[in-house]
Amino acid sequence: MTTERIGSMKIIGAAMVASLAIVALLAPWLAPHDPTAAVAATFGDPGRPSLAFPLGTDALGRDVLSRIIWGARISLSVGVAAMSLTLAVGGLIGLAAGFFGGMVDFVLMRFTDMMLTLPALLLAMALISVLRPGLLTILLVIGLVSWTQVARVVRAETLSVSQREFVVAARALGAGSARVAMRHVLPGVMPVIVVMAALGTSGTLLLDAGLSFLGLGVPPPTPSWGRMIEEATAYLRTAPWLATFPGLAIFYAVLGFNLLGYGFLAARR
Amino acid sequence: MLSYLAKRLVFGAVVLLGTSLLTFLIAFVVPADPAVAMAGAKADPQTLAVIRRQLGLDLPVYRQYLNYLDRALHGDLGRSYIRRQDVARLIVRRFPATVALAVCAMTVALVLGVAMGVAAALRHDRAADRMLLGASLLLISTPVFWLGTLLLIAGGLYLRSFPLGGFDGARSLVLPALTLGLGMAGYYARLLQANLVEVLAQDYVRAAWAKGLSGARVLLRHALPNAALPLLTVAGLDLAGLLSGVVLTETVFDWPGIGRLAYEAVFNLDIPLIMGTVLFSALLVVVANLAVDLVYVWLDPRIRPAAGV
């Protein structure tokens with residue numbers, strides 16, 4: 001791949017992610033209306049996009065644009081927090097398996113294989129319904145079901161980094177295991193972790209949106225993109241825009257992180 | 001070959017055992033009382049005690065697990081608390097709709113994914129390659145339930161060419177299969193493009209060109225079989241995933257498949273049905289893993305010695 005294209009992929013992705021972060025941070029000032037209040041006169045019907053409400057209003061008379069802007073807060077924080085948990089769990093397991101090898105590697109990787117056979121969405125649904133929906137539950141559950149891929153990639157990278165000369169040299173100089181792992185191997189594995197962080201966030205965003213769509217996301221009235229689409233399905237005939245705009249927001253966020261991730265990935269090849 | 005097969009079989013069995021233990025533990029920590037779920041909140045203590053004894057809920061945990069395992073091995077996954085029917089039979093009854101959707105979606109994904117991947121690899125680093133890879137990224141980034149909803153608006157409500165939901169003949173398969181297949185096609189295109197570009201630069205492919213073979217022959221006979229191996233692994237596992245039910249797409253299209261069954265089970269805290277669908281999907285993944293491994297050994301002679309055949 002040509003260098004300028006890789007560069008532009010990363011830059012576009014970074015710009016998209018940054019714009020989302022700004023929207024999320026400045027939501028109280030950017031949103032024209034209160035996202036949870038009925039601001040339009042309604043008789044139970046969604047309102048068409050208009051000058052006062054650029055993206056229309058939902059059946060309860062709430063402003064769709066304001067809800068999407070506030071939804072960025074929830075989606076982005078759930079996505080990033082769940083990704084951090086995923087990286088922490090998957091990274092530690094992968095690092096331990098690749099670094100120690102032998103029995104540790106065997107047990108950890110067989111456990112990972114087993115988790116991989118479990119259907120992630122189904123498992124997440126079951127856990128959330130048992131543990132009761134809520135922000136913390138969703139974070140924990142998404143983190144718990146999506147670390148497996150990270151563990152496998154980090155393990156493979158750890159194996160290859162561990163054989164490099166500087167790691168062998170550090171060991172020969174008598175550095176302890178923990179020191180070698182954290183000071184020498186981890187920095188070498190870092191580029192792969194950056195890629196996994198970007199791609200992982202697009203994965204956690206999609207999983208969170210899917211759970212919200214199924215009614216298992218952050219409980220109402222907090223605005224959430226996935227739930228907005230679910231609520232709009234009753235009005236597909238009369239108000240197709242209602243399902244379209246929140247989906248565009250999810251698509252934009254996921255695309256941004258994917259561009260970032262694949263941009264980093266391509267730069268490494 | 002046989003010892004390799006035996007090793008894979010044992011591993012598959014261990015994975016299933018682990019999965020069953022895990023799902024059992026999840027089910028066990030559920031605060032809801034199955035006896036209350038069956039008899040209703042107003043049932044008197046005596047009735048509840050009878051139901052608990054019938055279900056074996058008064059036994060120690062490990063006995064309950066062993067009983068569950070014993071019955072599962074005989075094809076008995078218990079009875080659904082809510083539907084009051086045999087779990088295995090419920091799953092079997094939903095299977096045809098899920099199989100039809102899985103096969104059609106996989107066909108869409110493979111045909112489109114391979115076409116895009118091959119076209120991009122052949123035009124490597126040119127405008128067409130960039131456009132195709134860009135398109136694949138758009139497909140990957142589209143939430144499946146949103147795509148389904150958009151297709152439903154466009155194909156069902158505006159064009160009125162397709163039914164709005166349910167499983168009723170070939171026409172009803174089009175929109176859900178596209179919904180599922182398009183996103184997967186994006187992945188497959190990227191995977192195949194990356195591998196094919198690498199393979200096309202190899203010496204044996206250049207040798208094939210130098211021999212004067214036609215482009216189609218070099219591609220189909222020499223390059224593609226090698227580049228497609230990783231795709232085979234991914235597609236095999238994806239197929240297993242599709243066959244164990246796709247909750248989101250089935251929800252959008254009101255599809256009477258296993259995904260909807262699992263969704264209802266979760267909402268009703270119908271423990272035997274939840275455990276049954278999870279175990280069933282784990283079984284499919286284990287079988288698919290095994291099948292992919294075997295096909296791999298058969299297709300790629302290089303890994304035979306390494307596999308200890």
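Chain A comes to 11 helices and zero strands, where helices (H or I, at least four residues) and strands (E, at least two) are DSSP runs, numbered from the N terminus. Along the sequence the pattern reads α-α-α-α-α-α-α-α-α-α-α.

Before I go on, some housekeeping. This is a predicted model, in which local features need pLDDT of at least 70 and side-chain atom pairs count only at pLDDT 80 or more, while totals for chains, interfaces and linings use all residues. Residues are numbered from 1 along each chain as its sequence is written, chains are lettered from A and ligands numbered from 1 in the order in which they are written, and side-chain values use heavy atoms, with hydrogens and water left out.

Back to chain A. Its C-alpha trace spans about 75 × 45 × 30 Å along the principal axes. Of the 269 residues in chain A, 52% are buried; buried means under 20% relative accessible area, exposed over 50%, and partly exposed in between, with a 1.4 Å probe and protein chains only. Contact means heavy atoms within 4.5 Å. Take the contacts in chain A between residues at least 6 apart in sequence: 73% of them join residues at least 24 apart.

One residue to look at is A:Ala209, in helix 9 (residues 177-213) of chain A. A:Ala209 counts as buried because its relative accessible area is 4%. Its C-alpha atom is separated by 7.7 Å from that of A:Ser75, 134 residues away along the chain. Leaving aside residues up to four places away in sequence, A:Ala209 touches A:Gly226, A:Ile250 and, from the other chain, B:Phe145.

That brings me to the interface. Here 45 residues of chain B are in contact with 41 residues of chain A. The two chains bury about 3900 Å² between them, 79% of it on carbon and sulfur atoms. Buried area is the accessible area (1.4 Å probe) that two parts lose on being put together, summed over both. On the chain B side, B:Ser141, B:Phe145 and B:Trp146 lose the most area to chain A, together 15% of what that side buries.

Which helix of chain B gives the most to the side that touches chain A? Helix 7 does, with eight residues.

Last, aromatic pairs. Rings of Phe, Tyr and Trp (its six-membered ring) pair if their centres lie within 6.5 Å; planes under 30 degrees apart count as stacked, over 60 as edge-to-face and the rest as tilted. A:Phe111 and A:Trp147 are stacked, 6.0 Å centre to centre with 25 degrees between the planes. A:Phe111 is partly exposed, at 36% relative accessibility, whereas A:Trp147 is buried, at 3%. A:Phe251 and B:Trp146 form a tilted pair, 6.0 Å centre to centre and 35 degrees between the planes. That pair crosses between chains, from helix 11 (residues 241-268) of chain A to helix 7 of chain B. A:Phe251 is buried at 17% relative accessibility, and B:Trp146 is buried at 6%.
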